[in-house]
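Dear colleague,

I am handing over the structure we spoke about, and my notes on it follow below. Please read them alongside the coordinates.

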Amino acid sequence: MIVDVVAAVIEEDGAFLVTRRLAGTHLAGMWEFPGGKVDAGETHEQALRREIREELDVEIRVGRLRFDVQHTYPERTVALAFYDCTLHGTPRPQLGQEMRWVPRAGLRSLGFPPADEALIDLLAGTTNDVRP
């Protein structure tokens, strides 16, 4: 079974909004672009707006698809879609997760899940290719 996941790429003033996965979750302790699983019957936009409200208590405008990838971990396969998003308000973590604004040059210093590697390459400017 493939798990459908969406994530928000939010950039303001040259920095990207990232959050740290909570203990007890898949890939705990790793940094990620906020988002989550798409529920049955939801569009990607609906799921992303819901997840950001739940995680960060803020509204977003969902823009274009920035990048998508399918990645197989030992315990599951994810189809991950990253969308450019714009905040409408100030994000406030709701689940106890750590949140940071990270400059483009600092993205590689954080531990991201393997599925995010090609996107990090793209955002950090080490590749122009949008597909792995």
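Predicted model: local features only at pLDDT ≥ 70, side-chain atom pairs only at ≥ 80, totals over all residues.

Phe-67 has a ring partner in Phe-82: the two form a tilted aromatic pair, with 6.3 Å from centre to centre and 45 degrees between the planes. Because Phe-67 lies in strand S5 (residues 59-72) and Phe-82 in strand S6, this pair ties together parts that are 15 residues apart in sequence. Phe-82, which is likewise buried with a relative accessible area of 1%, also pairs with Phe-33, here edge-to-face at 6.0 Å centre to centre and 85 degrees between the planes. Since Phe-33 sits in the loop between strands S3 (31-32) and S4, that pair joins parts 49 residues apart in sequence. The whole structure holds 4 aromatic pairs, and ring pairs link Phe-16, Phe-33, Phe-67, Phe-82 and Phe-112 into a cluster.

Turning to the pockets, the largest has a volume of about 600 Å³; it is lined by 28 residues, of which Val-5, Arg-21, Glu-32, Gly-35 and Gly-36 are the closest to its centre. The lining divides into 14 nonpolar, 6 polar and 8 charged residues, and its largest share, 4 residues, comes from S1.

As for confidence, the protein chain averages a pLDDT of 90, with 94% of the residues scoring at least 70, although pLDDT stays under 50 over residues 128-132.

With best regards

Methods: Residues numbered from 1 in each chain as written. Heavy atoms only, no water. pLDDT = per-residue confidence, 0-100. Contact = heavy atoms within 4.5 Å. 1 Å grid on protein atoms, 1.4 Å probe; cavity = no way out; pocket = protein on both sides within 12 Å on 5 of 7 lines; lining within 4 Å. Points joined across faces, edges and corners; volume = space filled by probe spheres on them. Helix = DSSP H or I, 4+ residues; strand = E, 2+ residues; numbered from the N terminus. Nonpolar A, V, L, I, M, F, W, Y, C, P; charged D, E, K, R; others polar. Phe/Tyr/Trp six-rings, centres within 6.5 Å; stacked < 30°, edge-to-face > 60°. Buried < 20%, exposed > 50% of the residue type's maximum accessible area, 1.4 Å probe, protein only.
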